[in-house]
Amino acid sequence: MNSACQHLISLLLVFSSLHVHQLTEGCSCALTHPQDAFCNSDIVIRAKVVGKKLLRDGPFGTMRYTVKQMKMYKGFDKVQHVQHIYTDASESLCGVKFDINKYQYLITGRVYDNKVYTGLCNFNERWERLSLAQKKGFNHRYQLGCNCRIKPCHYLPCFVTSKNECLWTDMLSNLGYPGYQSRHYACIQQKEGYCSWYRGMTTRDKTTINATDP
């Protein structure tokens, strides 16, 4: 009887170690066009991270970042003003790390129980690293294309299969991700429900690139 119990305990320890190993293997995310990140998020804000605190909940804890919100682009119906951002403390569980009192960030996330959660699979980027087209996209253009579908093309041949699709081919480029379409184009719905890539860069945009702050 004792031998059987010891064998059972050994099996449980093996399965437990396998489970922990799976948790710590790493975070894997699918590539996402920033427009999809906008459309699929509950909250999109520009904010400066001014503090952090590790909350001891769960096996690895949760990091609570305190933010100074500069502007909200989406989520007015969810949260009036964002003061805290929550993420897993462990990067292996897709927790994201922000620098404190250094940069403004474009942050996207989901809302649960009136709390904003984000992670490595969400679109989070330093504001100054965004292209002008991306800034304009988060400000107003991306929302015009939320009824469109951005279809990734990982290898040729690939085709659109409906009128509301835009073919995303950045993954075929030698430049890799993020590529030209993700940095400079939005998939916008045109007449009769057709969707197509839209850049919208005018001469005025190019001359005021340093002064434009959506």
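Q: Which element gives the largest share of the lining of the largest pocket?

A: That would be β4, with four residues. Before going on: this is a predicted model, where local features need pLDDT of at least 70 and side-chain atom pairs count only at pLDDT 80 or more, while totals for chains, interfaces and linings use all residues. Residues are numbered from 1 along each chain as its sequence is written, and side-chain values use heavy atoms, leaving out hydrogens and water.

The pocket's volume is about 740 Å³, meaning the space filled by probe spheres set on grid points joined across faces, edges and corners. A pocket here is an open set of points on a 1 Å grid over the protein atoms alone where a 1.4 Å probe fits, with protein on both sides within 12 Å along at least five of seven lines; lining residues have an atom within 4 Å of a point. There are 34 of them, and Leu120, Cys121, Asn122, Phe123 and Asn124 sit closest to the centre. Two or more lining residues each come from α2 (34-39), β4 (104-112), β6 (124-126) and α4 (180-184); these are DSSP runs numbered from the N terminus, helices being H or I of at least four residues and strands E of at least two.

By type, the lining splits into 16 nonpolar, ten polar and eight charged residues, with Ala, Val, Leu, Ile, Met, Phe, Trp, Tyr, Cys and Pro taken as nonpolar, Asp, Glu, Lys and Arg as charged, and the others, Gly among them, as polar. Domain 1 (35-129) and domain 2 (132-198) both supply lining residues, so the pocket lies between them; those bounds come from an automatic or database domain assignment.
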